[in-house]
Amino acid sequence: MPGETSNAVGQAPELHTVWDVIGAVRMRGRVNDRARASEGATPHAVFVHGLGMATNYLEPTMRALGNEIAVSALDLPGFGGSRPVRGHLSLAALADALVEWVRERGIGAPILVGQSHGCQVVVEA
């Protein structure tokens, strides 16, 4: 039916690439249909990758949850598909980028899920 966001049991939900400009940096994100369907969808899990990584390795977990909740992930500035940045970004700068990206995507009350260095970014945010 038009507007439906869930898939048949056993079918992995599709993830879509989204692009946003945060602080002059073009950032790549991955979102499911529930995350695209409406701003403020809850619950909404936002995944944050580890140092030197990108969202790709988090996608199996996103798909596993994607039939139940809205899921999103971003490539932090300078990682994965996001535009490279000059110099080293501090933990605070990465956390600020995460917060701004969540605002830009209209995610009202995110459940932040960090892995490895992503945990530090989440705590700082």
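Modeller: Welcome! Helices and strands here are DSSP runs, numbered from the N terminus. One thing before we start: this is a predicted model.

Biologist: Thanks! Where is His-44 found?

Modeller: In strand S3, which spans residues 44-48.

Biologist: Is His-44 buried or exposed?

Modeller: The idea is to look at relative accessible area, where under 20% means buried. His-44 has 3% relative accessibility, so it counts as buried.

Biologist: Which side chain joins that of His-44 in a polar contact?

Modeller: The side chain of Ser-72, at 2.7 Å. Leaving aside residues up to four places away in sequence, His-44 touches several others, including Ala-35, Ile-107 and Pro-110.

Biologist: On to the nonpolar residues. Which members of the largest nonpolar core touch the most other members?

Modeller: This core has 21 residues, and the ones to click on are Met-27, Leu-76, Leu-98, Trp-101 and Val-121. At least two residues come from each of strands S1 (15-22), S2 (25-32), S3 and S4 (70-74), and likewise from helices H3 (91-104) and H4 (117-124). H3 gives the largest share, with 6 residues. Apart from this core lies another, of 8 residues, among them Phe-47 and Leu-58.

Biologist: What does Val-121 touch?

Modeller: Beyond residues up to four places away in sequence, Val-121 touches Val-48, Leu-76, Leu-91, Leu-94, Ala-95 and Leu-98.

Biologist: Val-121 brings us to H4. Which residues of H4 are buried?

Modeller: They are His-117, Gly-118, Val-121 and Val-122. Here is the general idea: an α-helix has 3.6 residues a turn, so residues three or four places apart point the same way. In H4, the buried residues fall within an arc of 145° when seen down the axis, so they line one face of the helix.

Biologist: And what covers the buried residues of H4?

Modeller: The cover includes S3, H3 and S5.

Biologist: Let's turn to charges. How many salt bridges are there?

Modeller: The general idea is that side chains of opposite charge can pair when their charged atoms come close. Here the count comes to 5 salt bridges. Arg-105 sits in the loop between H3 and strand S5 (111-114), while Asp-20 is in strand S1, so look for partners 85 residues apart, in distant parts of the chain.

Biologist: Which of these two is buried, and which is partly exposed?

Modeller: Asp-20 is buried, with a relative accessible area of 9%. Arg-105 counts as partly exposed, at 24% relative accessibility.

Biologist: Which side chain does Asp-75 meet in a salt bridge?

Modeller: That of Arg-28, at 2.9 Å from N to O. This pair also links distant parts of the chain, 47 residues apart: Asp-75 lies in the loop between S4 and H3, and Arg-28 in strand S2. Both Asp-75 and Arg-28 are buried.

Biologist: Now the strands. In which sense do S1 and S2 pair?

Modeller: They pair in the antiparallel sense, over 8 bridges. S1 and S2 form a hairpin with 2 residues between them, and Gly-23 in the turn has a positive phi of about 55°.

Biologist: What should I make of a positive phi elsewhere?

Modeller: Most residues other than glycine have a negative phi. Ala-24, in the loop between S1 and S2, has a positive phi near 70°. At 66% relative accessibility, Ala-24 counts as exposed.

Biologist: And where does Ser-116 lie?

Modeller: Ser-116 is in the loop between S5 and H4. Its phi is positive too, near 55°. With a relative accessible area of 49%, Ser-116 is partly exposed.

Notes:
Residues numbered from 1 in each chain as written. Predicted model: local features only at pLDDT ≥ 70, side-chain atom pairs only at ≥ 80, totals over all residues. Heavy atoms only, no water. Helix = DSSP H or I, 4+ residues; strand = E, 2+ residues; numbered from the N terminus. Buried < 20%, exposed > 50% of the residue type's maximum accessible area, 1.4 Å probe, protein only. Polar contact = N/O pair within 3.5 Å; in protein donor to acceptor, adjacent residues only side chain to side chain. Contact = heavy atoms within 4.5 Å. Core = buried A, V, L, I, M, F, W, Y, C linked by side-chain atoms within 4.5 Å. Salt bridge = Lys/Arg side-chain N within 4 Å of Asp/Glu carboxyl O. Arc of directions from axis to C-beta. Pairing = 2+ DSSP bridges.
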